[in-house]
Amino acid sequence: MMPLYAKKATAPLAGTLTPPGDKSISHRALIFGGLADGETVVEGLLVSADTTATRNAMVQLGASVTDEGDVLRIRGLGQAGLSAPSAPLDMGNSGTAMRLLAGVLAAQSFDSVLTGDASLNSRPMRRIMTPLAQMGANVEATEAGTAPLHIHGNPALKGIHYDSPVASAQIKSCVLLAGLFAQGESRVTEPRLSRDHTERMLPLFGVRMGEGAALQGPQGLTGAKVLVPSDPSSAAFLVAVASLVPGSDVTLRNVGLNPTRSAFFDAVKAMGGRIDIETVNDGSDGLEPVGDLRVRYNGRLKGIDLPPEWVPAMIDEIPILMALAATAQGRTRVTDAAELRVKESDRLAVMARGLECMGIELSERPDGVDVFGGEPCPARVEAENDHRCAMSFAVLGQLIEEGVLIDGADYIDTSYPGFSADMLSIGAQLERRDG
Ligand code: S3P
């Protein structure tokens, strides 16, 4: 595809929109619905390349999934109902799809293969193989510990208490999903709380959870109704662009505000941005907290030292934070973010290279970066097929008169297929252009 070209917005950005459904919650709705007895109804599901990979996998495993307008219906298979897939399950670019499904497949009475694209097949899988092996699972990877994963199903798994060395919802969810099929308690602790969508959503499907990330197996699921809020990680790009372009006033509806996901909004406020939140659901019902966000330009942002304890709750927003930091006054320091190096790309490196091409001074460390805000200049940058890096550069382009040309921007569809349309609808300047 042609590179994406983003250039200076000619007027303040304005409008009201509803960003797409939450990717993490959508994957879980598809997987849990496929495992449940009876029908699951999902409203607001994200339809993107990543979630389509999960949907296709559940269908290959025997679930029936149908669309009815904006509503998705899943006819689940029940605890013992999955059937052996006749071909490898292709998870595309999605680490969540692969790691969560590995937990389910490890406990089946059949073998299966999980594979993905070049990026996914180079990401670390030992982080899930280690706890799964402790549960009695048999999962083979390449010598480098990467996919394709050959999973030799074992329906006699045992529950474990796993003290994860990394704060990762994918690891936690993988163990809990395997734990649904295992004998005894499965419990995961982690250095800092990662997103807790699995813990919040399993009870909707009738699963009795222990304290924190714990459950007693085996337990079956029953069909449920899932309302998927807008993805705060997608909303983040719109929050950022409205905070950068002078005079902007943009409202984002129905945004997920789960505290394990919302630290980016706190970071923007700490940098001097203005976000007013109107609560739609405060989460006291155990469901996902949701609110409407009104974002107004509030002058040039200031650099901050990002508190390391905020990182897990904005793990996918560090690229866009780096883009904001590139124009902020002073230094922004990110620490304790080594996980960024094993996402869809090495995000610290990809963002650092791109910002340096735009003339921004920065210094990279193994676990973070210092960005010295300045005036980004026109450049051609490489997003290395990382959706979030591509969108971050496109946001920054809104401040650059002669624009920024972004190569490797074809993967935006993995999480936010309507990104260009939404950006254009509030007045941003974005187009596909011949290199
Ligand atoms: C996700 C967890 C995070 C995040 C990813 C989605 C999830 O990964 O980066 O985009 O849905 O569980 P880690 O759990 O590996 O940090």
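I started with the ligand's shell and sorted its residues into two nonpolar, four polar and four charged. My sorting counts Ala, Val, Leu, Ile, Met, Phe, Trp, Tyr, Cys and Pro as nonpolar, Asp, Glu, Lys and Arg as charged, and the others, Gly among them, as polar.

A reminder to myself: this is a predicted model, where local features need pLDDT of at least 70, side-chain atom pairs count only at pLDDT 80 or more, and totals for chains, interfaces and linings use all residues. Residues are numbered from 1 along each chain as its sequence is written, and side-chain values use heavy atoms, with hydrogens and water left out.

Next I listed who surrounds the ligand: Ser24, Arg28, Thr96, Ser168, Ala169, Gln170, Arg195, Ile315, Asp316 and Lys343.

I then looked up polar contacts (pairs of N or O atoms within 3.5 Å). Arginine 28 places a polar side-chain atom 2.6 Å from a ligand oxygen. For lysine 343 the corresponding distance to an oxygen atom of the ligand is 2.7 Å, and for an N or O atom in the side chain of threonine 96 it is 3.5 Å. On its own the ligand has 380 Å² of accessible area, and the protein covers 96% of that (Shrake-Rupley method, 1.4 Å probe).

Where does the ligand lie relative to domain 1 and domain 2? Both domain 1 (4-21 + 230-432) and domain 2 (23-227) give residues to the shell, so the ligand lies between them. The domain bounds come from an automatic or database assignment. Helix 1 (23-35) and helix 5 (169-179) each supply at least two shell residues; helices are DSSP runs of H or I with at least four residues, strands are E runs of at least two, numbered from the N terminus.

Last, the backbone. Most peptide bonds are trans. I found a cis bond from alanine 147 to proline 148, with omega near 5°, and proline 148 is in the loop between strand 8 (138-140) and strand 9 (149-152). The bond from glycine 217 to proline 218 is cis too, with omega near -10°.

Notes
Near = heavy atom within 4 Å. Polar contact = N/O pair within 3.5 Å; in protein donor to acceptor, adjacent residues only side chain to side chain.
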